[in-house]
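Welcome, and please load the model in your viewer. We will go from one selection to the next and see what is there.

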Amino acid sequence: MLIFDELRKDDPQLRFIAGVVLLGLLILVGGLWWVQLISSRHFQEKLETQSIRTIRIPAIRGKILDREGRVLAENRPTYNINLYVEGLSKNFQAAYAERVKQLKKIMAAKRAERRQQLGRDLTKLELKEFAVTESMKNTLQRECRTEVARSATADLSARLQQPVAFDEKKFQTKFDKARVLPIPVLDNISPAQLARFEEQSASIPGLDLEVQSTRYYPHGNLGAHLIGYLVHNNDNTEDETGDYNYRLADYLGQVGIEGIFDKELRGTAGQKFVVVNYLGYRQSESVFAPSQTGQNVVLTIDYDIQRAAETALFKSQANVKGAVVVMDAQNGDILAMASAPSFDLNHRIHPDPATKAAEDQRWLDEDIGLQRNRATYENYHPGSIFKIVVAMAGLELHAFDPKAVFHSDGYIMVGKRKIGDTAHAGDFDFDRALAKSSNPYFINLGLQPGVLEKVVNLGQKLHLGERTDIMPAQETRGNFPNPRIVESDAWRDGDTANLSIGQGYIDVTPIQMAVMTAAVANGGKVFWPRVVARVENSDGSGGMEAKPVGHIRDYLGVSARTFRILHEAMLKDTESKEGTGHAAAVAGWRVAGKTGTAQVEKNGHVDKSAQNTWFVSFAPYTPDYKAKYVVVATVEGGVSGGATCAPIAHDIYLALQERETRLEQQQVKSRTSLATLK
Amino acid sequence: MNAIGLQLNDRGPRMDYLQILSILGLMAISVAFVYSATSVNELASEVVWFKQSYFKQIIWFSIGLSAASAVCTVDYHSLTRWSMVAYGLTVASLVLVLVVGRSVYGAKRWIDLGSFQFQPSEFAKLAFIMAQASFLSRPIDELRSTRIFWKSIGMMALPFLLIMKEPDLGSALVLLPTGLVMLYAAGTPRRYILQLLGAAGLLAFLFMAEVLYAPPKFRIHMQEYQVRRLLVYFGRNYADYFGPNAAEGERKKFQEQQFNDSHNVRQALIAVGSGGLLGKGWRQGQQNALGFLPQAGKHNDFIFSVIAEEKGFVGSVVVITLYAVILFSGIRIAGQARDRLGKLLAVGVVTLIFSHVFINIGMNIRMMPVTGVPLPLLSYGGSSVLGSLIAMGILQNIHMYRKAY
């Protein structure tokens, strides 16, 4: 063979040369063996590291639905027009080449000029002055890129026939940090713009459409506090371990159901790989792991009732501050939870530029307290509606005769203090006292021996002063005295008097009042209120109950007699002309209710303009504790419970009646369809 | 006795067909991979087909083949009569390039002649071989004289220094083994060569040690980029070398600089290594397509990386085998040459080609420091192609006029 022939030659020098050549080539082959075969894996990984970027793709968020599956929060496609710099890189290079050429010409001309001036050739040091330095080149590159991007944007402007702003700083930053990702030019374009863009897009280099999934609340400000909203947040969730080069915009639920069930709603993020070239421009991409859509959260809320409740609440007075809770008395499900003032959820993520400034100011205004969910997160004195509890305590202890007449002078002296009354002086039996909400009657009752202890006991059974866990982290527990405080020397008769009329050492939330009213309506069952029915997969399968239905927390343990007398009195409140709550009456249903007005102290003395007005009620009344609905309404600074809050309940009961009709029709339909199947 | 191409004087085939086949093989590979290396950019910028690099390479091959054939028409003795003239001309052109040459990245290696560039160093290597062969083909006894020895060294040193001044370290370097091996093959007493090598080796070692490890005050003045190249090859940390007391921010800058400087070698290594056994396929190399291989070098100095990435270990071995065939058939030609002149010429050409191959491929796998040495016949470039083909032509010439049995 050729090689071995040469090695066996007679000529020693040629033999040596042949040997050296053979050795050299074998060394090369050995080196190649090491690099290409043994270390191949290592270099392939290095190749991938320098040319592959990982991008985190957030998942499509799950929906929030009402109890019948109607959408309260969903996702909608928005269209963005983005700049894809890899499409423009040729233009960048061409523009840069032009500018560099020009610059060099200018420098050469300057050099020639200087040489003429001095009359001799320039020294090396002097030449440096006219050199085109690296930093000049870099600046030129930046300028060229910006110019090309700007002109692309201007081009877009012309095609869409509307001005498109070019944010130079944002472009530079995005280019430097993440040129692998598209750079947004125009977000959330309208259908008209979309159409114009599509018909012209054939020849626009570097610009393209991107479809994004955006959170959309179809009903704007309906149930805003309950539903909650999102804020921008790209961090890994707790159980995500991936390390990414880039993260696409993601959101975190803040407050409300969006916040509490964020983990279930957000799904699992996906991953994609982008191959980049040595300049960092994207070449191609592939999806490594698809994202998984989040689960849907089904609430116990009924959209129709929520709508009715909010309409009624906002109608009650101008710039209203207050809350409404509608509850199923038989199991504690919340059918509506409204808080005013409210805000548009969509504007949280996509502010309307026209109203942004005003809304931002409103958002932060302490006085308005826009962000607070007044149904769960505000402390109110219950005022006269607490007389229900006082009444129950007295009736249980047989501390008084309901038929006995008590004479009131329109006020009562407790120690040295005079406590007034909205009801005028007169004679009151129990029914009338409750209906007209007579303070002296109930203060007198409260001061009877043993009544105070029973009131505290009932309050504990109702779990006043404790959270209902309806909205974790967004609920206040209120205030209620415990037996130790009441027995201590610090507790005075004045405190008892105040407590008897729902003032002083007692604060409640509308939710707690709804639970209380439900317990009165259903014969003493104190429920854990529930606002989330279940969590299910996005295709509707696999529903899991978040909390059990009708979970009983406690029992009032009150006798049937007590209920009977109390119920009659509450019916009179709505049904009789004298009753303060007669504005709530509706045809066809018997409504039992109680109005209330609580005084509010501001800076040490009573502020009449800020009094809390209340109306608690349940319907349709049946003697066997089967009333289905509880409606609680409260308005800060209302005229009175009867004038301001009872009409709210009226509107809501009309809506509830429609609901009943609808449900019955559905049942009839399903029965007949079953029948025809048979 | 080979039956192919039987001539009247019955000497066996006039041409060394095996070598010619290998040359043609390498030429085909060159066109294919110059195309792969440059098509990414050239197609993208829509250069017209007859201006594209692979086509130009084909033109150069044609010109080169014609020149090689022309070389073969006359006996090599006639050629070497002009060797000193050629030597003088090339030395003159080396001086010329230092004066009027085009400066590229601080190096003046080319003379601009309108539509193409002329690289004197490529031709200086050939002229040197011819002049040296002619000089050393005197009677062997004369070679014992130290004066002759030093004259020969001088003949090597002159173009070496001129090329170093350009500066073109690689091209200058290949002159050294070529000259020394020719001295050895001519029959110079071995001890002369060994002593020279020993002294030079010691000097080189001291020089390297000094450059790499001496404290700043005692450093010999060298161009900074040359120092950096050495540092990169030997893996010394820039920060330790340039600024031993530098602050944290300064150290980071040095690290970045070092990263940038070792970029080419690193990318070449990644290209070669990720090719694996069979490579990624012609024109499918990612290092090539994504631009990680140096744009300016991937079709000449780093063409091997492109071949290695796209055709894998198999491709690399094929290339090395083709070179092996050329080199060993060259050695066979040297053995069968009619006289010492022919033998020396062949030995010179073989060593020259071997040095190029070893340094270039070694550079691609980080076994040798980065020097601008082209791969004969594979690298893109008119001067390199012409030089290589003329050298092959000389080999064929010696073969044609070899000993008659």
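Helices (H or I, at least four residues) and strands (E, at least two) are DSSP runs, numbered from the N terminus. With that in mind, select helix α4 of chain B, residues 83-100, and pick out B:Val95 within this helix. B:Val95 is partly exposed, with a relative accessible area of 39% (buried is under 20%, exposed over 50%, partly exposed in between, with a 1.4 Å probe and protein chains only).

A word on conventions: this is a predicted model, where local features need pLDDT of at least 70 and side-chain atom pairs count only at pLDDT 80 or more, while totals for chains, interfaces and linings use all residues. Residues are numbered from 1 along each chain as its sequence is written, chains are lettered from A and ligands numbered from 1 in the order in which they are written, and side-chain values use heavy atoms, with hydrogens and water left out.

Next, select helix α5 of chain B, residues 120-136, where B:Glu122 is found. Is B:Glu122 buried or exposed? B:Glu122 counts as buried, at 6% relative accessibility. Now show B:Pro374, B:Ser383 and B:Ser384: B:Glu122 touches these residues, leaving aside those up to four places away in sequence (contact means heavy atoms within 4.5 Å).

Finally, switch to chain A, and colour by secondary structure to find 23 helices and 26 strands. Buried residues make up 48% of the 678 residues in chain A. Zoom out, and the C-alpha atoms of chain A fill a box of roughly 140 × 70 × 65 Å along the principal axes. Of the chain A contacts between residues at least 6 apart in sequence, 72% join residues at least 24 apart.
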